[in-house]
Amino acid sequence: MRKAAFYRTIRGLLERKRLSFIRAHVEIKVYLGTCCFVVNNFYLCIVMFKQGDKAPIFAVCRHRIGVDGPGITTLVTFMGCTLRCKYCPNDVCHNKVYNADGTLADDNIMLLSPRELYDKVRIDNLYFRATGGGVCFGGGESALRSCFIEEFRHLCGDGWKLTIETSLNRAIEHVRRLLPVIDYWIIDVKDMNVSIYENYTCRSQTSLLCNLECISSIGAADKAKIRVPHIYGYNTDDDVRHSIMVLTELGFHNIEEMEYVY
């Protein structure tokens, strides 16, 4: 990104009170939505999205039954993902969020705070409570928004069940933050073979392994459904059986085989 365009982006976001900032004289990475730019050795603003700030959401789907957790569920899908999966079903999550002037790059993206999302979905409060349902956070990688989800839990209370669909490819502190507030975990592990995983996702498997061990070690494995996909061109039936064996040894027993659509 050219320096002038960079500063236009910073200025536009600051004007919309989207950022706080500090100064630094180091090589840093600056994150804007899902994009990252490296800026070297001069004073500038470091973009710091505040905890509790608005999150970019590309869909809010009501009245879902049997696919996103118990009861009647509303699915909320965030922009942004740490993986680059070949057969990503929601590839829109990788699109840019902001234009250079700080405006949204797509009219279909909703920029909502936890309070605004709560006000939007609470219309189905009676359905949630009557059926043991609630809200499922997906994406993209929903664990990227751990602070947002934590704040949402404080707003909705314990009456709704919160589910997260995640690949667990996120730093462990985010999973630790989510563990007290999430009722059910739907985890897509891709494949437990390191080479297959990294070939398919273009990312390291380290975070997934650490987070699975974390969830199991505190006795929360019974809250998780693990999805192990057959991935055309990447793994075999034997690979899937090996993944299931590894996951069972880690303490997970609610394991679902599935076929990716490509």
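Begin with the buried pair: Phe 78, at 0% relative accessibility, counts as buried because buried means under 20% relative accessible area, with exposed over 50% and partly exposed in between (1.4 Å probe, protein chains only). The model is predicted, so that local features need pLDDT of at least 70 and side-chain atom pairs count only at pLDDT 80 or more, while totals for chains, interfaces and linings use all residues. Residues are numbered from 1 along each chain as its sequence is written, and side-chain values use heavy atoms, with hydrogens and water left out.

**Aromatic rings**

The structure holds 11 aromatic pairs; rings of Phe, Tyr and Trp (its six-membered ring) pair if their centres lie within 6.5 Å, and planes under 30 degrees apart count as stacked, over 60 as edge-to-face and the rest as tilted. Select Phe 78 and Phe 137, a stacked pair with 5.8 Å centre to centre and 10 degrees between the planes. Phe 78 lies in strand E6 (residues 72–78) and Phe 137 in strand E8 (residues 134–138), so the pair ties together parts that are 59 residues apart in sequence. Helices (H or I, at least four residues) and strands (E, at least two) are DSSP runs, numbered from the N terminus. Phe 137 is also buried, at 0% relative accessibility.

Next, select Phe 128 and Trp 160, which form an edge-to-face pair: 4.9 Å centre to centre, 75 degrees between the planes. This pair links distant parts of the chain, 32 residues apart: Phe 128 is in helix H3 (residues 125–131), and Trp 160 is in the loop between helix H4 (146–156) and strand E9 (161–166). Phe 128 is buried at 0% relative accessibility, and Trp 160 is buried with a relative accessible area of 1%.

**Parallel strands**

Now show strand E10 (residues 184–188), where 4 of the 5 residues are buried. E9 and E10 pair in the parallel sense over 4 bridges; two strands pair if DSSP finds at least two bridges between them. Thr 166 has Ile 187 in E10 as its bridge partner. Follow the chain from E9 through helix H5 (residues 172–178) to E10, a right-handed β-α-β crossover: with the strands pointing away from the viewer, the path from the first strand over the helix to the second runs clockwise.

Strand E11 (residues 224–230) pairs with E10 in the parallel sense over 4 bridges. E11 also pairs in the parallel sense with strand E12 (residues 255–259), over 5 bridges, and Ile 226 has Ile 255 in E12 as its bridge partner. Select helix H8 (residues 237–249) to complete a right-handed β-α-β unit with E11 and E12.

**The second largest pocket**

Finally, select Pro 89, Asn 90, Glu 165, Asp 188 and Lys 190: of the 27 residues that line the second largest pocket, these are the closest to its centre. E6, E9, E10 and E12 are the elements that give two or more residues to the lining, and E10 provides the largest share, 3 residues.

Notes:
On a 1 Å grid over the protein atoms alone, a cavity is a set of points where a 1.4 Å probe fits but cannot get out, and a pocket is an open set with protein on both sides within 12 Å along at least five of seven lines; lining residues have an atom within 4 Å of a point.
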